[in-house]
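Dear colleague,

Please find below the structure that I am handing over to you. My notes on what was found in it follow directly after.

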Amino acid sequence: HNNVSGAISLLESMIAHNVKKMVFSSTAAVYASKSAALNEADPLGPSNLYGETKLMIETMLGWYQRIHGLRYCALRYFNAAGAMLDESGAAIRGEAHQPESHLIPLTLQVPLGQRDSMRLFGSDYPTPDGTCVRDYIHIEDLAFAHVLALDGLNTYETMIYNLGNGQGYSNRQVIDIARAVSGHPIPVIETQRRPGDAAILIASSEKINHDLGWRPRYPDLKDIIASSWVWHREHPQGYSA
């Protein structure tokens, strides 16, 4: 309802008020799973409802482009993560959801004493360590890509770009790096797979690098998690504190 019906209402309102540009935060979950980095020409085939709804919105954007002249950019990425720090290293902005569902902040809740352990959903995937592999992108890199995309709409009518660091990290690797960053053991409980989780989803950003000059400035997951750890230590209750 939020993604599809809400998008229709937004698009209708945009056209009614002569707003003809949109930068859409899509998802790389619109693709079918692939063992190598995905590019924009790869087959689409969402494995879950979230990816399906994002693909529906991309389809609608194409309709509004043809019928109303809407110029749009769809940015396909996976896990936005990390925190924005100031020059002194203090956290300015960070990740806080209610309820929390993202892997990195959930993992960091363990060294904060907010949960006893982490759950790994599935350890028998066809990946090097048996857990799902995903791409992670620092929030500052993501923000910069949105700014470039908005400017790019002055030149291009339609743009579809992947955003990612081109390499994947498994869920187990994420937890291992969080252990190293936080200095906490972070116990793990292995459980069954969740329905709809693809084994490997990582994205190639060669196209947006070629067209708009974007490349991630923070591709190392350890740097991403370290910035997250600063934020969560300083804001253990998120923005509510």
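Serine 25 belongs to strand E1 of this predicted model. Its relative accessibility is 25%, so serine 25 counts as partly exposed, since the buried class ends under 20%. Setting aside residues up to four places away in sequence, serine 25 touches Lys54, Leu75, Tyr77 and His146. With two of these residues there are polar contacts between side chains. The one between serine 25 and histidine 146 is 2.8 Å, and the one between serine 25 and tyrosine 77 is 3.3 Å. By contrast, proline 187 lies 34 Å from serine 25, C-alpha to C-alpha, and 162 residues away in sequence.

H2 covers residues 49-68, which is 20 residues. From the first C-alpha to the last, H2 reaches 28 Å, close to the expected 28 Å at 1.5 Å a residue. An α-helix has 3.6 residues a turn, so residues three or four places apart point the same way.

At its start, a side-chain oxygen of asparagine 48 comes to within 3.4 Å of the backbone nitrogen of tyrosine 50. After H2 comes glycine 69, which has a positive phi, near 75°.

The next topic is a sheet. Three strands form an open sheet in the order E10-E7-E12, and their pairing is mixed. Strand E10 (169-170) and strand E12 (200-201) are the edge strands, each pairing on one side only. Strands of a sheet pair through backbone hydrogen bonds, either parallel or antiparallel. Strand E7 (residues 133-134) and E10 run antiparallel and are joined by two bridges. Within this pair, arginine 134 stands opposite tyrosine 169 of E10.

Finally, I turn to the cysteines. How many disulfides does a search of the whole structure find? The search finds zero. A disulfide is a covalent bond between the sulfur atoms of two cysteines. Cysteine 73 has 0% relative accessibility and therefore counts as buried. Cysteine 132 is buried as well, because its relative accessible area is 4%, and the cut-off for buried is under 20%.

Yours sincerely,
A colleague

Terms used. Residues numbered from 1 in each chain as written. Predicted model: local features only at pLDDT ≥ 70, side-chain atom pairs only at ≥ 80, totals over all residues. Heavy atoms only, no water. Disulfide = S-S within 2.5 Å. Buried < 20%, exposed > 50% of the residue type's maximum accessible area, 1.4 Å probe, protein only. Helix = DSSP H or I, 4+ residues; strand = E, 2+ residues; numbered from the N terminus. Expected span 1.5 Å × (residues − 1). Polar contact = N/O pair within 3.5 Å; in protein donor to acceptor, adjacent residues only side chain to side chain. Pairing = 2+ DSSP bridges. Contact = heavy atoms within 4.5 Å.
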